[in-house]
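Take a moment to look over the structure shown here.

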There are 2 protein chains.
Amino acid sequence: MLDERKRAILKAVIQDYIFTAEPVGSRALVKRHDIGLSPATIRNEMADLEEMGYLEQPHTSAGRIPSHWGYRFYVNTMMDESELSGKDSEVLDKLLLSIRSSSGSLSRDVAKLLSSVTSYLSLIAEPASPSQSIRHIDIIPVTNTAATLIVVLSDGTVRHHSVNLPQGLESRQVRHLTRFVNRQLEGVTLQDIDEKLVADLKKDFAGNVRLIDSIFTIVHYMMLTGDQNLVIDGATNLLNQPEFKDVEKVRKLLHSLEQNDQLLPLLQADEDIAIKIGSEIGVDSFSDCSLVIASYTRPDRKLLFGILGPARMEYAKTVSLLKRLRQHFQEDGGMGNE
Amino acid sequence: MLDERKRAILKAVIQDYIFTAEPVGSRALVKRHDIGLSPATIRNEMADLEEMGYLEQPHTSAGRIPSHWGYRFYVNTMMDESELSGKDSEVLDKLLLSIRSSSGSLSRDVAKLLSSVTSYLSLIAEPASPSQSIRHIDIIPVTNTAATLIVVLSDGTVRHHSVNLPQGLESRQVRHLTRFVNRQLEGVTLQDIDEKLVADLKKDFAGNVRLIDSIFTIVHYMMLTGDQNLVIDGATNLLNQPEFKDVEKVRKLLHSLEQNDQLLPLLQADEDIAIKIGSEIGVDSFSDCSLVIASYTRPDRKLLFGILGPARMEYAKTVSLLKRLRQHFQEDGGMGNE
DNA sequence: TGTTAGCACTCTCACAGGGTGAGTGCTAAT
DNA sequence: ATTAGCACTCACCCTGTGAGAGTGCTAACA
């Protein structure tokens, strides 16, 4: 469909454009790459590539820029997944090391790492999976009428919420309740908690029933929202990219990023590493961007990574970075303390 | 120092500028407010006010804009803390109601509320105070070698962290450790936990000592970082303000907002409600902004609110909003569930 | 037949010049 | 002390012009 020469030219255009962010013209192309062809020939080929939809022209007398379809083609068939450059690799190792010894939260640290190495925006989420089961529940009275409810899930994540206690509840009764709830709910998966189960619980429990309702509500809430742990870093990186010189664009972008419940679904994918280009992301204000997502799963933990950059993203580098990162985590469970 | 007429003119200029974001000229001023004076007189007075430092002129033939000192004077002596307008009040009530029934996190909800009512940026923090004591500690094994450490503080906040367990530790031993640590640390304030205490603990504990170290490290970490719960909302609001048409400014602003460990100190103040204007905030990239902060304390909870807007902020409205909010929380403890 | 040189053409961008309007400061009259 | 009048100063907008980059087309060439 595309002969060898056209492929080479397309690739050259894309690589140049990724680097310069300027429309690339025929003359510039022959200068930078040594294809043994004159600008005129390149022009003809470029015109073909434009007709086929791989390239676009911002205006009549400008160079060409890749279309989203062009990027897609590049990513699918032409991208050489180069190893990380020596320097990047070094920086990465150093940062990974500093994360291991850091006492901060893992998501935040990884987000910072990804955004600083890529100079794009990074998203890290720790989704609540409905197949998680409840490992432990605690109810800790704080004042006479307020307590903190703590739920630990089988992947080690913790959710907590404050609940109101009925007036005059004694600590003995709270302990009793805690034991009861634990006995009943330990090992139960989140998806199994439904009205019926709660009704049964209420029937069995010889004590204050309203509390059970509270607990149910909160557990239910935990199922719905995994956004608790969505971390974003490097928004400012994007503003350095020439495509975001326009405040209005930035405004829309940031607005979408503030709707964090709508971001989590974006990070889900079937493959290990997936690349979404422009409208494939499914969010209007991201239509000039690309998103590379990766997931990492361990028995005790699931993490979703996302890297959001301009469509003119260094795909090869980004992908190999994510692969490297996953490998690092996989091989030594190198997550240290959260 | 300032006669009645100068005060009136200064106030008029400030109010107009807050409203229009445009330099206000002598003619425009007499038109909008009915002072019985001609533009020429106003011009003379304005020149005086400029000399005194209350007003500034962007360039020779433009109107005047308030200097930061002008704002400061306005805020200190001339601001009438109007009640919220009927409409705002209504919206606020509605939002407060929806928060009570929401099952989301309180900080987030309040942040959303504040930013949507003010159309500025809001910050909410729940700081860890070193005078907090430890109410309860839990160690929940997750895999053979990993556990989640949970610490509940006396104000009801929860911190958690995963820790590595030594190979081959039995659950009996974990329970033993948990009981021991609880017995020793319950009621101890965060600031009292130091090397000496840890050394004593280690001496007393007949078991694996490395875990105690882990626990100490984590508790120590909790003291230092209250940023865990810093929530920011409404960054996009700021981008709507005409003073942020410049991407570079936005970039710097966002950059500062991403350093969230440096934000918490900004929200601390001695008074109940404090207003920081421009350089008073102490962050370079906020030098065109003002920050209004308020704190709210209840036995089981402490919250810090901050509203960041352009120096040209509606101070009166913002302050009365925060007062109203605090009153709401105080009178009925209306925080519902977190 | 594919490739290349040459050329006219198009379009953006940067810059300069001129007109407009808002606003000032000064001066002289009230 | 206040005000009307007036000359002056900028910022802003519009326009035009020239330079530069790049294209498409045509005709010549291997």
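Ala, Val, Leu, Ile, Met, Phe, Trp, Tyr, Cys and Pro count as nonpolar, Asp, Glu, Lys and Arg as charged, and the others, Gly among them, as polar. By these classes, the surface near DNA strand C has four nonpolar, 13 polar and four charged residues, where "near" means a heavy atom within 4 Å.

This is a predicted model, in which local features need pLDDT of at least 70 and side-chain atom pairs pLDDT 80 or more, while totals for chains, interfaces and linings use all residues. Side-chain values use heavy atoms, without hydrogens and water, residues are numbered from 1 along each chain, and chains are lettered from A and ligands numbered from 1 in the order written.

**Around the DNA**
- DNA strand C is surrounded by 21 residues, and A:Arg5, A:Thr41, A:Thr60, A:Ser61 and B:Ser26 are the closest.
- A polar side-chain atom of A:Arg5 sits 2.7 Å from a phosphate oxygen of DNA strand C.
- For A:Ser61, a side-chain N or O atom is 3.0 Å from a base oxygen of DNA strand C.

**Two helices in chain B**
- The axes (lines fitted to C-alpha atoms over the stretch in contact, with angles from 0 to 180 degrees between N-to-C directions) of helix 1 (residues 4–20) and helix 4 (residues 68–78) of chain B come within 11 Å and cross at roughly 110°.
- Helix 1 and helix 4 of chain B are therefore roughly perpendicular, a label for angles of 65 to 115 degrees.

Conventions
Helices (H or I, at least four residues) and strands (E, at least two) are DSSP runs, numbered from the N terminus. Angles under 35 degrees count as roughly parallel, over 145 as roughly antiparallel, 65 to 115 as roughly perpendicular and the rest as oblique. A polar contact is a pair of N or O atoms within 3.5 Å; within protein, one must be able to donate a hydrogen and the other to accept it, and residues adjacent in sequence count only if both atoms are side-chain atoms.
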